[in-house]
Amino acid sequence: MRVCGWRVLGVLALVLVLGAALPSAAGEVKKFTLINVELDGTKIWLPSSLIVQEGDEVELTLDNKLTAPHGFKIAEFGVEVEVPSKRKSTVRFTASKAGLYPFICHLHPPHIGGQILVVKP
Ligand SMILES: [Cu+2]
């Protein structure tokens, strides 16, 4: 009985390892944290490129480290928020169609945005 128990544990451990190694499936919640920083006088949301699969739920935590409010907008997916200074905001949307879509700070056009690449599963 004892050996059998260890075998079960071994199989469970193998399943966990394989599960962690497999690529994530479409339709999962993909979570990212973006940080708003200033480099040489330019404000930037980092990371500036995100990649998800079509159909994914995407959750972005926007961490504004700066001393003024900044915006975050992805027009294609109806995302538009203002993040107060030194605060975090979380937005969630469905990446419903494949393509390359820009994100920007709609409060300050010179503020550097980025892009989200939505690929077919
Ligand atoms: Cu801004």
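Colleague: Which residues touch the most other members of the largest nonpolar core?

Modeller: A nonpolar core is a set of buried Ala, Val, Leu, Ile, Met, Phe, Trp, Tyr and Cys residues joined through C-beta atoms within 7 Å. A residue is buried if 20 or more other C-beta atoms lie within 10 Å of its own, exposed if 12 or fewer, and partly exposed in between, with C-beta atoms placed from the backbone. The largest core has 14 residues. The members touching the most others are Val 52, Leu 62, Phe 72, Phe 103 and Ile 116.

Colleague: Which strand supplies the largest share of this core?

Modeller: Helices (H or I, at least four residues) and strands (E, at least two) are DSSP runs, numbered from the N terminus. At least two core residues come from each of β4 (57–64), β5 (70–74) and β9 (114–119). The largest share, three residues, belongs to β4.

Colleague: What kind of model is this, and how are residues numbered?

Modeller: The model is predicted: local features need pLDDT of at least 70, side-chain atom pairs count only at pLDDT 80 or more, and totals for chains, interfaces and linings use all residues. As for numbering, each chain, as its sequence is written, is counted from 1.

Colleague: Which residues does Phe 72 touch, not counting those up to four places away in sequence?

Modeller: Two residues are in contact if their C-beta atoms, placed from the backbone, lie within 7 Å. By that rule, Phe 72 touches Trp 45, Leu 62, Val 79, Val 81, Val 83, Phe 103 and Cys 105.

Colleague: What is the strand order in the open sheet of three strands?

Modeller: Two strands pair if DSSP finds at least two bridges between them. The edge strands, β3 (49–53) and β8 (99–103), each pair on one side only. The pairing is mixed, and the order is β3-β9-β8.

Colleague: Which residue of β9 is the bridge partner of Phe 103?

Modeller: β8 and β9 run antiparallel, joined by five bridges. In β9, Phe 103 is partnered by Gly 114.

Colleague: Is β1 parallel or antiparallel to β4, and which residue of β4 is the partner of Thr 33?

Modeller: β1 covers residues 29–39, and eight bridges join it to β4. The two strands run parallel. In β4, the bridge partner of Thr 33 is Thr 61.

Colleague: In the hairpin of β1 and β2, which residue takes a positive phi?

Modeller: β2 covers residues 42–46 and pairs with β1 in the antiparallel sense over five bridges. Across this pair, Glu 38 stands opposite Lys 43. Two residues lie between the strands of the hairpin. The phi is near 50°, and the residue that takes it is Asp 40.

Colleague: Is Gly 55 buried or partly exposed?

Modeller: Gly 55 sits in the loop between β3 and β4. Its C-alpha atom is 8.8 Å from that of Val 118, 63 residues away along the chain. Because Gly 55 has 17 C-beta neighbours inside 10 Å, it counts as partly exposed.

Colleague: Is Ser 96 buried or exposed?

Modeller: Ser 96 lies in the loop between β7 (88–94) and β8. Gln 53 is 43 residues away in sequence, with 8.9 Å between the two C-alpha atoms. Since 11 other C-beta atoms lie within 10 Å, Ser 96 is exposed.

Colleague: What percentage of the residues in the chain is buried?

Modeller: The chain's secondary structure comes to one helix and nine strands. The chain has 121 residues. The buried part is 17%.
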